[in-house]
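Subject: A structure for you to explore

Hi there,

Here is the structure I promised to pass on. Please open it and have a look around, then read my notes below.

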Amino acid sequence: MTERYVELHGRSAFSFLRGGSAPEEMAAQAARLGLPALAQCDRNGLYGSVRMHASARESGLRAIVGCELAMEDGSALPLLVATRGGYRALSRLISTAQLRSPKGQMRVSWEELADSSPGLIALTGDCEGPLLGAWRQSGDAGALAALRRLISIFGTDRLGVEIQRHRVRGEDRANRMLAELARAHGVPLVATNGACHATPEGREVLDVLTCIRNHTHLDAAGDLLTHNAERHLKGPEEMARLFGDLPGAVAQTARFAERLEFGLESLGYEFPTYPVPCGETMDSFLQKLTWFGAQQRYGGISPQVRSQLERELALIARLRFEGYFLVVWDICSYCRQHGILVQGRGSAANSAVCYALGITAVDPVGGRLLFERFLSEGCRTWPDIDLDLPSGERRERVIQEVYRRYAPRGAAMTANVITYRSRSAMREIGKALNLPEAMIGCFCDLHGGGDYSPTLELRDQLRMAGLPESHPRLPALLSLYPRLRGLPRHLGQHSGGMIICRGELDSVMPLENAAMAGRIVAQWDKDDCEDLGIVKVDFLGLGMMAALQDSLEICQARGRPVDLARIPKDDPATFELLQRADTVGVFQVESRAQMATLPRMKPRDFYDIAVEIAIIRPGPIHGDAVHPYLERRAGRQPVTYADPRLEPILGRTLGVTLFQEQILRIAMVLGRFTAAEADELRRAIGFKRSDGRMQRMQEKLREAMVRNDVGPQAVEEVVRSLASFALYGFPESHALSFALIVYASSYLKVHRPAEFYAGLINNQPMGFYSVATLVQDARRHGIRVKPACAAASGWETSVEADDAIRIGLHRIRGLREEAAKAMLRTRAERPFASLEDFSARTSFDPAERRLLAASGALNALAGHRRAALWAVEAEADPDGLFAGSASGELSPLEAMTHLERIAADYRTQSLTVGEHPMGALRASLDPGILRSGDLAGLPDGSRVTVAGTVICRQRPGTAKGFVFVSLEDETGVANAVVRPNLFEACRAVITREPALAIQGRLQVHEGVIHVKADLILPLRSAQLPAAASHDFH
Amino acid sequence: MRYAALHAAEFALQAVLRSEALPVAGPAALLSDRARGATLLEANAPAREAGIEPGLTAPQALARCAQLALRVRSPSAEAEAQAALAAAAAALSPRAERTAPGLITVDLAGHPPPARLALVRAAVDRLRFLGIEATAGIARTPLIALYAARLARPVLEVHDEPAFLSPLPLSAAEPEPGLAEILESWGIRTLGALAALPQAQVGLRLGAAGARLWERAAGRADRPIDPMPAERDFSAALEWEEPIEILEPLLFILRRFVERLALGLSGAGLSAGELRLELALEDETTHRRSLGLPDPTADPEILFRALHTHLESLRTASAVCGARLSAEPVRPPVRQQDLFESGLKDPHGFSETLARIEALLGAGSVGTPRLEPGHRPDSFALDRPALSVVGMPPRPALGPLGPPLRRFRPPLPAEVACDGATPAFLRCAAAQGRVRSARGPWISSGQWWSAGAWAREEWDAELEPGGVFRLLRSGAVWRVDGVYD
């Protein structure tokens, strides 16, 4: 049987709560069923169209682009794209409707549809469509009117009367009406199944999504749920059987499909252009800028640099890529003109042109970086340039400037598809199944957080949360949970990825409003853009960039400027700091895992820092690269190469594959991959959605290496490295860019500690540690941290001396910035003479005055905190009943005790500039409890107990269920390792208690100290403030 | 003037626990009834010893104490416990005030010093008998009596007020949250510390509320009590979440009712002339019964026996989820009612009749049928009969189509032979013959998420001998649902 049938009305989970299967699932099933093509018509957007396009390509299927538009009368009209013009019109139509509507409430008027209809083919839709909706509401007359309106827009040649059979009693009557109407008006009758899920099993997920959409549960959903599981993809034979009485309707689908010529491969996207000065072309202008920049950067252009630049510029010209480089150069210039630190990272750092243009800061020629990692002739997709910017307001300024320059609709953030994750999936399924809220809440509390890789079966997790094994809905829950996880939930915006297309981005992809005011977001995410060869610029906000910028500005203001471009690259004190893992606050290498590696790694030069950054990543850890590298570095293991041809590639990393570029070079050398193939390999490594792509590349490389006489052992080693990189490997160029920031932050910590800590404190939250931990670290480094003071502090934390910082008023939670800044202006005019003077000349409200007094900020005017608290209340007189009483009496209150001051500090500022709370508590603790600083002198295997406030809980995916807990006390930080079974036994204590006492055996290895926990108890004390903890990120 | 304060700590928790037939001896706590993020409101002493404190979430509390029994508030249990407190207080003095939940203030005027302590002790003992652990304080003002009651083990009389008040925590005077925060920041933690501050300066800073707080701290706050009116309604009621299916737990609750009502009646010098029992059943019906007493009495044993005798022979249609017991107060001696007078002479009303019919037909078999939303044909629920007839819905634009179907109720068992998937031959009690033509299947299914999952397939089959039948198939079982006219 050779029936020809194309499903013209598919709907994926990207219809958000109206489809039960991911596009990938739909495409794979369609291919299995032998469909030649599949149209995906998601509601009000083309959200999943790129994924469908990519999956269809892999499955040998043709993806037809379509969309269901919500019309002004509430109906949903399926539209199919026939031509590129139709696509552009549809994209603009969706963008227009989306951008004028609140999120999720888009409607299109029939009039504007008529203007955009050329190049589009319409179907009359299912029961939500305009035709059946009108028939149900107004009978035959209504249906006739609806059809006539559609004919007036699309004619009879671009319209199909859609007919569906889901084996529901009564539908034949509607279908008879549709067939008659089609015949009477000469409109083709088209059979579809309105597929909402790939297989019959998807019906259950669809029912749950329906409940979520309607805010109800399955028991109460009634008619909202599907009749049966028939709305799945069906093959040609089944459709032919189903429409045995209307064979023409099935055959018509293939004829329609033939007319739908457009596919996303012919999107017609062009790289952004840049308006060059008169008399210049983009190519000539880029050449000029590059050679001028190179002269500045290199001082003199060596033959090697010249050759590299010429090679790159020629390639850029051939690829017509000049506009993109100029756009990014222009943005970087804007940043520099406005005093905003900017640094390119990622693969762009492999380009000498980027370096010459000032986009990146790493010299790729000197660093022997692989340009092909960035750009090559045979690339199917184009690289992004990632720009690191100071997080916060400065980054937003840059983004808004880009919107402004490319307005209207010339720039948008890429989307970020938020999917159902463990907690949200459980919450929604639990609600749909009408399970007790308390049970769902308990599950989320116990098993939700961050990177928990569950060590318990779902059934056991649910039992712990209070759902008994015998619960009648447990089977449904167990079956639904994995199926809902990973499906799209809603569209967010990517943290920084921006697509630029001068003035016409909305005809390339639909745009809509982001939830954040002033932001426009595309309907495609960054992988979608990459798949279609759309370039973007990533504006990534780095807290450390903001901190560095602040630190440098403070240095400048204090007359001790530091030029990051000129700091010595081999400063011994900086490397010593890194070697002893004294890296709290330092970029990237401050995490517990990094600090545990630094004393073993002992970085001695800049490249070592890049290695340090790259080595503590899931890729190298899974690929078992960490241990061999450290052993070889320490001279305990010989440096060997599986194949002699690997020596030039892996020499710098002692024969161990650590960077993505090395994988690509290996593929090019041992597998003789072309640059294009290497690029395909790079994309497979970076592509997180599908294992299949990676496996195919692995096989291709394996076969290529075998063909090139590479030994079996070397083949296996390379393939294993490749597999581990799929988990997450770091590009060398990226590591080198980050290493610059690591080095700069380390250098400042050593040579400008006061400015360094002030910069960090002014840009919280950022990094790994809370501000309380940073302050304690500053104290341990000899910095006097002075308290917030109304007579001396500014709004931000400032530097008073080389070894002293003053906490700013910004740390006092609840203090309005404008009121504080008004006070600072008043103080600048004339210092405050007394508390009465302060109260008279400032505009703080009573609560703010109390906060200032409690935090100690008024001590300079009142003597002590309680005196200030007593005095500021006299200003309030809430009822005016005591107006006659004299308020100027001396405070009868006693000054706060030491512990009270600490508690008040944490309450008002989340930090204390004095002793760590554990220090104050020490005398009352069991004398057997050691301080973290005491552990260093003890032998390996000693039995110890440590206690402190929890500042970090981590359960990395690479740690096989082990949990790492960091406790802070008055001498530093103690790290404990918790076995999976102990964690499960003490899960609630570990995850909930703000302070812990941990007993176990000491593990000392190459200067790295851990406590292997065997007993964990809560440390409860009223004096211990709840400090912020960095948990499960 | 002397006042006694009868105080039940963790009152809401005690109220719930005393209403349960199986006593909870170990740690227990009361959970707020918020659906999400519920936290503990109260914890009993064993729970507090295990580190349980109000404000913890349920998972936090269970992490600290796995044996912790968690309960939610029960307004009816609290009302019942409050009535028990009032009854005990009424036995002390006619001038008693319902001050707050779990707190009754009694004017002890007229009781000489040696006797009043013994009387108050007896009231506390009586409350213990009623399942309430209460304490009592005796002092010059109602407020100081309350402070004393909170500290009492179980009764405390205050003589030296300054010495008593000074070390009490500030929270004893119940400052408003804003004031408490300010005073905490001042380091003021006891009533003595607050009273030591100049009152005018406190007032200047903390306003009238602060000045009043200062007076409470200094023991200068006095007030007349607002006596509750003499009890006229002698009834007790309780609802519970888990329906009761057997007699013992119900008797336990009714025993509590009887003891409390008997105490109230005797305190007021009255007896019960009749008992009226209402049992709220899970099927939303109510079982009502009036029990005439041959001889009015306030003896709890006799009252309980009357109830017991009735309940022993009672079979309710469904489990019991609430009870109400009222005693008709009469002054002894009263006119004795007829010996054989019973509830049978009372109008039981429509609900009770329904309950009886339901008892005959089985649970869930009585009511007005209502089609349930969903795709399962004939799926219906039974509602309580409506008191008024609702109007018909508007006619749909598309009227019914096709011949009417005469339903077989229940559907007839059938044997169907198929040709492929299509019925080819039918045999059932109504017809037999070869299928001339068949249309279908129409497929529907639902409740896939529960044990009640169903799936069915429908066919319309025209038989050669004549007649068009609707066939149903569920799994391998065929039935005939009806015949088309």
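The secondary structure of chain A comes to 43 helices and 24 strands. Helices (H or I, at least four residues) and strands (E, at least two) are DSSP runs, numbered from the N terminus. Before going further, please note that this is a predicted model, in which local features need pLDDT of at least 70 and side-chain atom pairs count only at pLDDT 80 or more, while totals for chains, interfaces and linings use all residues. Residues are numbered from 1 along each chain as its sequence is written, and chains are lettered from A and ligands numbered from 1 in the order in which they are written.

**Chain A overall**

The C-alpha trace of chain A spans about 95 × 85 × 70 Å along its principal axes. Of the 1033 residues, 53% count as buried. Here, buried means that 20 or more other C-beta atoms lie within 10 Å of the residue's own, exposed means 12 or fewer, and partly exposed is in between, with C-beta atoms placed from the backbone.

**Where the chains meet**

The contact between the chains takes 51 residues from chain A and 40 residues from chain B. Two residues are in contact if their C-beta atoms, placed from the backbone, lie within 7 Å. On the side of chain B that touches chain A, H10(B) gives the largest share, 8 residues. By class, that side has 22 nonpolar, 14 polar and 4 charged residues. Nonpolar covers Ala, Val, Leu, Ile, Met, Phe, Trp, Tyr, Cys and Pro, charged covers Asp, Glu, Lys and Arg, and the others, Gly among them, are polar.

**The cores**

The largest nonpolar core has 438 residues. Such a core is a set of buried Ala, Val, Leu, Ile, Met, Phe, Trp, Tyr and Cys residues joined through C-beta atoms within 7 Å. Helix H32 (residues 732–751) of chain A provides the largest share of this core, 12 residues. Leu85(B) is among the residues with the most contacts inside the core. Leaving aside neighbours within four places in sequence, Leu85(B) is in contact with residues including Leu6(B), Ile104(B) and Leu127(B).

**A barrel in chain B**

Chain B has a closed barrel of 6 strands, E15-E16-E17-E18-E19-E20, with antiparallel pairing. Two strands pair if DSSP finds at least two bridges between them. Strands E15 and E20 of chain B are joined by 6 bridges, and Leu412(B) stands opposite Val480(B) in E20(B).

**Backbone details**

Most residues other than glycine have a negative phi, and most peptide bonds are trans. Which residues are joined by cis bonds? Gln764(A) and Pro765(A) are joined by one, with omega about 0°, and the bond from Gly440(B) to Pro441(B) is cis too, with omega near -5°. Pro441(B) is found in strand E17 of chain B.

Lys602(A) has a positive phi near 45° and counts as buried, with 20 C-beta neighbours inside 10 Å. Glu174(B) also has a positive phi, about 50°, but Glu174(B) counts as exposed because it has 12 C-beta neighbours inside 10 Å.

Enjoy exploring!
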